[in-house]
Amino acid sequence: MPVQTKKIINDGNRAVDEMLEGILAAHSRHLTSVEGSPRSIIARDGPRPGKVGLVIGGGSGHEPTFLGFVGKGLADAAAIGNVFASPPPDPILECAKAVSGGAGVLFMYGNYAGDVMNFDMAAEMAGMDDIEVRTVLTTDDVASAPLDQRQKRRGVAGNFFIFKAAGAACDLMLSLDECERIARKANDRTFTMGVALSPCSLPQTRRPNFEIGADEMEIGMGIHGEPGIARGKLGTADEITDEMVDKILAEMAPKRGDKVAVLVNSLGSTPLMELYIMNRRVRQRLDAIGVSVHATWVGNYCTSLEMAGASVTLFHLDEELQAMLDQPCDCAMFRAG
């Protein structure tokens, strides 16, 4: 029987609610919750009349996704589920009601069956309250389905760029049609590939959620431990980065002179030292093909509890998306501009 992992928790079944209490205590300038619905987290300075409301959300365990991206200029609200589990419809509906300014509400979240079912149910319920809801699923994980089945792909760390573009469009008071269009365009131009080196463990079980050898890695593994596309011997940083960048570039097909934004993301326990070694290689590869880097983020942006591993995301910019990326935002765990 596997040894239990060590965690600084009180009760695994209370971990999410106690985390939310701590987040609200730390970030009360940015965040509040709906009275009677503590899993519905709202931006204090986001929702306003005439503005499209942006509601994101999903399971816990990926912090700072989703909570960290709630604030002025990005998401107006996040509905929070249990660890690696979709929020139920009620907190999603409460988010929609709290951020509705009369111009419609945009739901955005990763493409997972439970999230789709519960957010769709909440959208129907919101419609009964005369709130128009549109939905854009994020599908940036190039490892999770072939290109001709892109609609089946998972949403992973590329959420960071997709939410940022959509949040800027909403903050600029664009119409619901325009906010949806920009969100879809951002999703279509965002590409992520990850690698896992070790499992994580849920607070309730404190046992590894998959097994992998001490000298193995898995390319393309999902942020909940879903199978990747290849498992093999652990490579060097350059070899691992090259394998991920090769797959992204083959699909993105950038031209010389194009611009991208880069995210090198830790899955939880991979330290900044290793992420910056990877980022060095990403930049070398992009420089070699004449693609310029407009902006780079390195760190914890979409984690998987304490999983060791990392992901690389490229956001293929044009003038419109670059403007959305550069638009200021002020969130609990992320600021730009």
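This is a predicted model: local features need pLDDT of at least 70, side-chain atom pairs count only at pLDDT 80 or more; totals for chains, interfaces and linings use all residues.
1. The buried residues of helix 3 are Asp 115, Asn 118, Phe 119, Ala 122, Ala 123 and Ala 126. Viewed down the helix axis, these fall within an arc of 145°, so they line one face of the helix. An α-helix has 3.6 residues a turn, so residues three or four places apart point the same way.

2. Turned away from that buried side is a face of helix 3 that carries the exposed residues Ala 113, Met 117, Glu 124 and Met 128. The buried residues are covered by elements including strand 3 (53–60), helix 2 (89–99), strand 6 (105–110) and strand 7 (133–138). After helix 3 comes Asp 130, with a positive phi near 60°.

3. The largest pocket holds about 360 Å³ of space. It is lined by 16 residues, and those closest to its centre are Ile 9, Ala 15, Met 19, Pro 203 and Leu 305. Helix 1 (residues 15–26) gives the most to this lining, with four residues. Sorted by class, the lining of the largest pocket has eight nonpolar, four polar and four charged residues.

4. For the second largest pocket, the volume is about 220 Å³. Its lining is made of 13 residues, with Leu 197, Ala 237, Ile 240, Glu 274 and Met 278 the closest to the centre. Two or more lining residues come from each of helix 6 (237–252), helix 7 (272–288) and strand 13 (309–317). Helix 7 gives the most, with three residues. By class, the lining of the second largest pocket divides into eight nonpolar, four polar and one charged.

5. How many cavities of 30 Å³ or more does a search of the whole structure find? The search finds one. The largest cavity has about 80 Å³ of space. Among the 14 residues that line it, Val 156, Gly 194, Met 221, Ile 223 and Ser 311 lie nearest its centre.

6. Strand 8 (190–196) and strand 13 are the elements that give two or more residues to the lining of the largest cavity. The largest share, four residues, is from strand 8. Nine nonpolar, four polar and one charged residues make up the lining of the largest cavity. Strand 13 also gives two or more residues to the lining of the second largest pocket.

Definitions and conventions: Residues are numbered from 1 along each chain as its sequence is written. Side-chain values use heavy atoms; hydrogens and water are left out. Buried means under 20% relative accessible area, exposed over 50%, partly exposed in between (1.4 Å probe, protein chains only). The arc is that of the directions from the helix axis to the C-beta atoms. Contact means heavy atoms within 4.5 Å. On a 1 Å grid over the protein atoms alone, a cavity is a set of points where a 1.4 Å probe fits but cannot get out, and a pocket is an open set with protein on both sides within 12 Å along at least five of seven lines; lining residues have an atom within 4 Å of a point. Grid points are joined across faces, edges and corners, and a volume is the space filled by probe spheres set on the points. Ala, Val, Leu, Ile, Met, Phe, Trp, Tyr, Cys and Pro count as nonpolar, Asp, Glu, Lys and Arg as charged, and the others, Gly among them, as polar.
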